[in-house]
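I opened this notebook to record what I looked up in one structure. The entries follow in the order in which I took the topics.

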Amino acid sequence: MSKRLPPYYAVIFTSTLSHEKEGYEEMAKKMEEIVQNQPGFLGVDSVRAQQGITISYWESLEAIDLWRHNEAHKKAKSLGKNKWYRTFDIKICKVLK
């Protein structure tokens with residue numbers, strides 16, 4: 001995470017993996033590499049196991065929306081919904097302190 005002072009935004013992604021894991025780790029690494037060059041991206045904290053949590057940090061809601069529409073990210077989300085995740089949830093928060 002960068003040393004940016006608040007306010008900024010956090011996207012909190014929690015998930016429970018399905019039994020199908022083929023390609024999951026490779027895609028997660030690819031997304032971490034791609035997001036580094038996404039405008040407005042500040043950093044990420046992630047823990048992945050059967051249950052996972054990833055928190056990404058962003059300068060603005062507009063930057064989050066640009067990432068949401070990134071073609072590679074859209075492909076990863078589709079695979080996640082249809083293959084890798086039994087359950088998942090996304091929350092977007094404004095970090096004040």
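For the count of ion pairs I took a salt bridge to be a side-chain nitrogen of Lys or Arg within 4 Å of a carboxyl oxygen of Asp or Glu. I note at the outset that this is a predicted model.

**Entry 1: salt bridges.** Side chains of opposite charge can pair when their charged atoms come close. I searched the whole structure and found four salt bridges. I looked up one in detail, in which the side chains of Arg68 and Asp65 meet at 2.7 Å, N to O. Both Arg68 and Asp65 belong to helix H2, where they are three residues apart, about one turn of the helix.

**Entry 2: strand pairing.** I next asked how many bridges join S1 to S3. I found eight, with the two strands running antiparallel. Within this pairing, Phe13 has Thr54 in S3 as its bridge partner. S3 is also joined to S2, by six bridges and again in an antiparallel sense. Two of the partners I looked up in S3 are Trp58, which is paired with Phe41, and Ile53, which is paired with Val47. S2 and S3 form a hairpin, and I recorded three residues between them.

**Entry 3: the largest pocket.** I computed a volume of about 790 Å³ for the largest pocket. Its lining comprises 32 residues, of which Phe13, Thr54, Trp67, His73 and Lys77 are the closest to the centre. Which elements each supply at least two residues of the lining? I listed the strands S1 (8-17), S2 (41-47), S3 (51-58) and S4 (85-95), together with the helices H1 (24-35), H2 (61-68) and H3 (71-84). By class, I recorded 20 nonpolar, seven polar and five charged residues in this lining.

**Entry 4: the nonpolar surface patch.** I found a nonpolar patch on the surface formed by Leu61, Phe88, Ile90 and Ile92. Together these residues have about 370 Å² of accessible area. Which element gives the most to the patch? I recorded S4, with three residues; Ile92 is in this strand.

**Entry 5: a peptide bond.** Most peptide bonds are trans. I placed Pro7 in the segment before S1.

Methods
Residues numbered from 1 in each chain as written. Predicted model: local features only at pLDDT ≥ 70, side-chain atom pairs only at ≥ 80, totals over all residues. Heavy atoms only, no water. 1 Å grid on protein atoms, 1.4 Å probe; cavity = no way out; pocket = protein on both sides within 12 Å on 5 of 7 lines; lining within 4 Å. Points joined across faces, edges and corners; volume = space filled by probe spheres on them. Helix = DSSP H or I, 4+ residues; strand = E, 2+ residues; numbered from the N terminus. Nonpolar A, V, L, I, M, F, W, Y, C, P; charged D, E, K, R; others polar. Pairing = 2+ DSSP bridges. Patch = residues over 30% accessible without salt bridge, like charges linked within 9 Å, V, L, I, M, F, W, Y side chains within 5 Å. Areas by Shrake-Rupley, 256 points an atom, 1.4 Å probe, with all protein chains shown as cover.
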